[in-house]
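Me: I'm new to this one and would like a close look at a single part, the place where the chains meet. Here is what I'm looking at.

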There are 2 protein chains.
Amino acid sequence: MKVSILGGGGFLGRRVAERLAASGMLGGRAVTGLTLFDIAAPPCPAAGFAVNGIAGDIAALPAAAIPPGTDVVFHLAAVVSAAAEADYELGRRVNLRGTDAVIDACRALVAAGGRPPRVVFTSSVASFSGGQAAMLDDAARQVPANSYGAQKAAAELLLADATRRGFMDAVSLRLPTIIVRPGRPNKAASSFFSAIVREPLLGLEAELPVPDDFKVWVGSPNSAVAWLLHAAAIDSRPLGLDRSLNLPGLSVTVGAIIAALDQVRQGASARVVRRPDPAIAAIVGGWPAGFTAARARALGFAPNEGLVDLVRAFVADDLEATRRDRALP
Amino acid sequence: MKVSILGGGGFLGRRVAERLAASGMLGGRAVTGLTLFDIAAPPCPAAGFAVNGIAGDIAALPAAAIPPGTDVVFHLAAVVSAAAEADYELGRRVNLRGTDAVIDACRALVAAGGRPPRVVFTSSVASFSGGQAAMLDDAARQVPANSYGAQKAAAELLLADATRRGFMDAVSLRLPTIIVRPGRPNKAASSFFSAIVREPLLGLEAELPVPDDFKVWVGSPNSAVAWLLHAAAIDSRPLGLDRSLNLPGLSVTVGAIIAALDQVRQGASARVVRRPDPAIAAIVGGWPAGFTAARARALGFAPNEGLVDLVRAFVADDLEATRRDRALP
């Protein structure tokens, strides 16, 4: 089967590409070709099949990004929350016009006689509001409190409609806040959820802008990759018109994250500095604290591993590479 | 106050324009200028203030359509259900790119130092599914079963986000199926709901493609105009992030519409011809049969008049003009 990853140079895109390259399989079928598309040509992992890296603008998607015969498209290309908030036009261009371009590319394949490709799209918990009291079920409306979330929710609607029309076979995954991200702290409001684990493990301080009893809906990088691969292979017919899924993440307190950190590396949490930040608390405080995710569970999406395993996986998979990338001792 | 009506040549746009021209007032304030925009220059009613008609493409909205100092924009321009289903690109262009153009125009006014204009947008019951069994409350998710509904729901998200960002002050009204429309049968799948009243009153046959016990959520032209004018004047702060309203229409059976027709003009329903049409039934059969509309009621949107009054209003306001326009005896 032929696979394209749009946003193939990003955090999740690279991991999906590496997994496909390593296993050579997706949903029990052999991968025969992989196209990686991003704003800069993504790194191409060594694989037992052709891997093609392409650079370009998602809103002017080149036909080669989703070549004829493509079976699965991972549409992960996005301008994330803080950036879409800072630059309205950029967010609209990438998150909406980019999705229209993906629809048009798939539609062209179908018009030329091809099968509608499975499109696995990453939407987000940020498309919801409701706050700390909210434990949302699958019927919950998306009332976004940020442009990124509004654009993701609108893109879900367009992909579901494109699916109904036979242009594609879309499955949209509303990812939780992903922890622990490798790399550095950034200006994203959610950056601290990863930083309070990653930075202490690197011997550095991390600021905590919310109280310890603050609740957050999280998923691990490993679960996110597993969910993406599962979404590429499920029988999508039970989804009907509603092609979007809330995933079985973890509803946890910041205090529980810190406790898991200490369980993996005793005393590490001494480097977590409580520094309340009302601006950050206001943004992340609008996100719902959890989802029932009953539909995704019924469709075989595996529950996220527990917090201690999640921290251990970061130590095993990403800690040393992060230390090296950041030239830390 | 300065008012723009986009889609000012359409069925509802012309009525809103006539009402403003006749009263000279909107929400207790004097209207000082009216701009009517449509694909062909709309007719300009005589008024005690300047009325300007402009023709153009909503997706390439000329700045003159929403001039500096505009207080209220009625954004009624749309490609309707059957047309958006038949021509995907046209629907996307008008219903989505057109809405983006309205956002950009309002944003430009604000960037130049103006107040964010109130934007009253017509969304639709067609943005929901659920079918005959559904009586939806205000928390119900939009899971559209047609491109028109998907585009309307996506546009609502973009307008709510533009409101949150301060580009405008949007109120989106999810209009029920409007009956009785004057004129001729048109491309909307819902066209027959009006035709089964209008055509018999004109002495003509009308085809009924669904059973008599088919339930439909309707509103009258008079209620639609009243709701649009009310939406232009309400205090929008109680809406918070969710700028969309389900309106207090009527949940009725087709049989009840036909009975009201006979009550107003005895025996008229003999001209309703039962001719099942699975394609039309499939589209309208996906729309929910009713809404609680609690939020709109609390905000002072008046309940729709009853069916007999609704048919009488068509006879009083539109029947002779329709006969004349269609050159019927």
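Through what surface do the copies meet, and why?

Reply: Some ground rules, since this is a predicted model: local features need pLDDT of at least 70, side-chain atom pairs count only at pLDDT 80 or more, and totals for chains, interfaces and linings use all residues. Residues are numbered from 1 along each chain as its sequence is written, while chains are lettered from A and ligands numbered from 1 in the order in which they are written.

Now to your question: the copies meet through the same surface, because 100% of the interface residues of chain B are also interface residues in chain A. In this interface, 18 residues of chain B are in contact with 18 residues of chain A; being in contact means that the C-beta atoms of two residues, placed from the backbone, lie within 7 Å. On chain B's side, helix α4 (residues 147–164) gives the most, with eight residues. Helices here are DSSP runs of H or I with at least four residues, numbered from the N terminus. Sorted by class, that side of chain B has 12 nonpolar, two polar and four charged residues. Nonpolar covers Ala, Val, Leu, Ile, Met, Phe, Trp, Tyr, Cys and Pro, charged covers Asp, Glu, Lys and Arg, and the others, Gly among them, are polar.

How do the copies sit relative to each other?

Conventions
Helix = DSSP H or I, 4+ residues; strand = E, 2+ residues; numbered from the N terminus.
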